[in-house]
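Subject: Structure for your review

Dear colleague,

Please find below the structure that I am handing over to you. My notes on what was found in it follow directly after.

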Amino acid sequence: MPNEEKKPKKDKKNKKNGHAAKHLSDEELADADLTVGDVKAKTRKIKNDLYEKELAKLQIELVKMQEWIKAEKLRVVVIFEGRDAAGKGGVIKRITESLNPRLCRVVALGTPTEREKTSWYFQRYVPHLPAAGEMVLFDRSWYNRAGVERVMGFCSDTEYQEFLRSCPEFERMLVRSGIILIKYWFSVSDAEQERRFQKRMTDRTRSWKLSPMDVESRSRWVEYSRAKDNMFAHTDIKQAPWYVVKADNKKLARLNCITHLLSQIEYGDLTPTPPSLPPRPKAGDYVRPPLEDQTFVPDYF
């Protein structure tokens, strides 16, 4: 299927949005050489205090956007795709940690059941789409078929070709229904991915992130690259384009992705004013039960 003719899409310069896109200066950023084995890459670094400061500003804007989505009854779907260890989970965590989980949900589906394997491919994802006033973040999505399922042989060639034909139509249907669909691809170099894999091998708090599937994908870099290129050729459509996030530096990827996400929805500041707290009432005739009658967690620290 040939690509649709597309016009370059510019980020919206939104006067209503409180946070304007910021370009960090050369003094705030620094080049860094990355070498793992015989693979070399160059990335950009940012000082941690500057990163924390910028992230805090963005998270305030995310709260404003959340309130706007709720008030205007918008339905927002954000898809996060990319190679293993590209940093998708990290940016999702920074987006959601300040938001209301009732309004902003993360969907990360596991292996399909035997029943789901025999249903319409998109059927297992449809129940997770947002209702009015909600935003749903897909930590991997229906694009599993174009990536891991294709490369690892978990789907037939017929199923794969049908996905490439039907996915653009499925997404156009979502957009026509009023859903705001935003798709991000996190691009990481083989050198940086290898460094992150090696770190997961030695960090016991991250070892769960390194699955046998991740190890297998490590030896199939070229196959995944071809699958991604073919996926883009068929699904980078005018109604739902792909946005590529340079992710060799996790902190910069988070700031850039969140800033771009904010630019995709025109929102105003509807943050509710905190209520005033009246004086606490007196206890009156209430008598607290003896502390000895309760079981407390020991003071371990």
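A residue is called buried if its relative accessible area is under 20%, exposed if over 50%, and partly exposed in between (1.4 Å probe, protein chains only). By that rule Ala-227 is buried, because its relative accessibility is 6%. The model is a predicted one, in which local features need pLDDT of at least 70 and side-chain atom pairs count only at pLDDT 80 or more, while totals for chains, interfaces and linings use all residues. Residues are numbered from 1 along each chain as its sequence is written, and side-chain values use heavy atoms, with hydrogens and water left out.

Overall picture

The chain holds 9 helices and 7 strands; these are DSSP runs numbered from the N terminus, helices being H or I with at least four residues and strands E with at least two. Of the 301 residues, 43% are buried. Contact here means heavy atoms within 4.5 Å. Among contacts between residues at least 6 apart in sequence, 77% join residues at least 24 apart.

Strand E3 and its partners

Strand E3 (75-82) has 7 of its 8 residues buried. Two strands are taken as paired if DSSP finds at least two bridges between them. E3 runs parallel to E5, with 6 bridges joining them, and pairs with E6, also in the parallel sense, over 7 bridges. Ile-79 stands opposite Phe-138 in E5, and its bridge partner in E6 is Lys-183.

Nonpolar cores

A nonpolar core is a set of buried Ala, Val, Leu, Ile, Met, Phe, Trp, Tyr and Cys residues joined through side-chain atoms within 4.5 Å. The largest one has 36 residues, and those with the most contacts inside it include Val-78, Phe-80, Ile-95 and Phe-186. At least two residues of this core come from each of H1, E3, H2, E5, E6, strand E7 (242-246) and H9. H1 gives the largest share, 8 residues. A second, separate core has 27 residues, among them Tyr-125, Leu-129, Leu-164 and Trp-185.

Leaving out residues up to four places away in sequence, Phe-186 touches, among others, Phe-80, Lys-88, Val-91, Val-245 and Cys-257. Lys-88 and Val-91 are also among the buried residues of helix H2 (residues 88-96), together with Gly-90, Ile-92, Arg-94 and Ile-95. The buried residues of H2 pack against elements including helix H1 (48-72), E3, strand E6 (180-187) and helix H9 (250-263).

Individual sites

Ala-227 is found in helix H8 (residues 221-235). Beyond its neighbours within four places in sequence, Ala-227 is in contact with Ala-146 and Val-151. Ala-146 is 81 residues from Ala-227 along the chain, yet their C-alpha atoms are separated by 6.5 Å.

Asp-84 is placed in the loop between E3 and H2. Asp-84 counts as buried because its relative accessibility is 15%. Not counting residues up to four places away in sequence, Asp-84 touches Arg-140, Gln-193, Phe-197, Met-213, Asp-214 and Ser-217.

Val-126 lies in the loop between helix H3 (114-117) and strand E5 (134-139). With a relative accessible area of 35%, Val-126 is partly exposed.

Yours sincerely
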